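Please keep the sequence and the structure in view while reading.

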Amino acid sequence: MKKIIYVISFLALILNACKSENKANEEAQKTADEAFPETEVVLSKSEQIVNDAFAKEYTAVLDQYFELKDALVETDSVNSIKNAKLLIAKFDAVNTNNLPDSMSNYWKEQIDIIELILQKIISAQSIKHQRTEFYALSEDMLELYRKLGLKEKIVYKQFCPMAFDDKGAFWLSNSDDILNPYFGSEMLHCGEVQEKIQN
């Protein structure tokens, strides 16, 4: 008889635990739905497409930005510094002789600003400060890519409303998968695709 009572009690505990877990999952989903209401992804194109001679170097620059983003996703400040230095080197290696004068001048102006931000990432004392500067970098990288884009290259603008004390921040990605560079493993998939730039 005691065994039956124990079994019934045990089953009741499991049932309550399942109900509690389901309720927690429902509440978490509700919170996620409120944070990310159903929004349409904006589809856009860059204003100008760079020529093939310039595209290879520009692709290397973008890929290096994505490497820096991934280091922040991993909360790896040492690797973030390494990738910021490599990104400066990639920018410095770009030959703008293949660009029209107006595009070349615009590129040089933007790179001066971007390299100052990268130096701040390199000298930052914490991953928190690196992430703050990375947001500034992302703003300038997005502006640059909207102006000068690559043929057949898709870039995603992704946004997390909870970054920086709920002020929100975006980053660029070469995939529509959400991997948050501002929180890392704390909230790895917190975010949404806001814009898809496809040239």
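Which residues does F91 touch, not counting residues up to four places away in sequence? In this predicted model, F91 touches V61, W107, I111, I114, E115, L118, M141 and L144.

**The chain as a whole**

The protein chain has six helices and six strands, and along the sequence these elements follow the pattern α-β-β-α-α-α-α-β-β-α-β-β. Of its 199 residues, 40% count as buried. Among the contacts in the chain with a separation of 6 or more, 69% are between residues 24 or more positions apart.

| Helix pair | Angle between axes | Distance between axes |
|---|---|---|
| α3 and α4 | roughly 160° | within 9 Å |
| α2 and α5 | about 150° | 11 Å |

Angles over 145 degrees count as roughly antiparallel, and therefore α3 and α4 are roughly antiparallel to each other. The crossing of these two helices, α3 (residues 77–92) and α4 (residues 101–123), is left-handed. From α3 the contact is made by S80, I81, A84, K85, L87, I88, F91 and D92, and from α4 by W107, I111, I114, E115, L118, Q119, I121 and I122. Sorted by class, the contact of α3 with α4 has 11 nonpolar, two polar and three charged residues.

For the other pair, the angle of about 150° between α2 and α5 makes α2 roughly antiparallel to α5. Here too the crossing, in which α2 passes α5, is left-handed. In α2, the residues Y58, V61, L62, Y65, L68, K69 and L72 meet I127, Q130, R131, F134, L137, S138, M141, L144 and Y145 in α5. The residues of this contact of α2 with α5 divide into 12 nonpolar, two polar and two charged.

In soluble globular proteins, nonpolar side chains tend to be buried together. In this model the largest nonpolar core has 49 residues, and those with the most contacts inside it are Y58, F91, W107, L118 and L137. The helices α2 (52–73), α3, α4 and α5 (127–147) each give two or more residues to this core, as do the strands β4 (154–160), β5 (169–173) and β6 (192–198).

How values were computed:
Residues are numbered from 1 along each chain as its sequence is written. This is a predicted model: local features need pLDDT of at least 70, side-chain atom pairs count only at pLDDT 80 or more; totals for chains, interfaces and linings use all residues. Side-chain values use heavy atoms; hydrogens and water are left out. Axes are lines fitted to C-alpha atoms, for helices over the stretch in contact, and angles run from 0 to 180 degrees between N-to-C directions. Helices (H or I, at least four residues) and strands (E, at least two) are DSSP runs, numbered from the N terminus. Angles under 35 degrees count as roughly parallel, over 145 as roughly antiparallel, 65 to 115 as roughly perpendicular and the rest as oblique. A crossing is left-handed if the near helix is turned anticlockwise from the far one by less than a right angle, and right-handed if clockwise. Contact means heavy atoms within 4.5 Å. Ala, Val, Leu, Ile, Met, Phe, Trp, Tyr, Cys and Pro count as nonpolar, Asp, Glu, Lys and Arg as charged, and the others, Gly among them, as polar. A nonpolar core is a set of buried Ala, Val, Leu, Ile, Met, Phe, Trp, Tyr and Cys residues joined through side-chain atoms within 4.5 Å. Buried means under 20% relative accessible area, exposed over 50%, partly exposed in between (1.4 Å probe, protein chains only).
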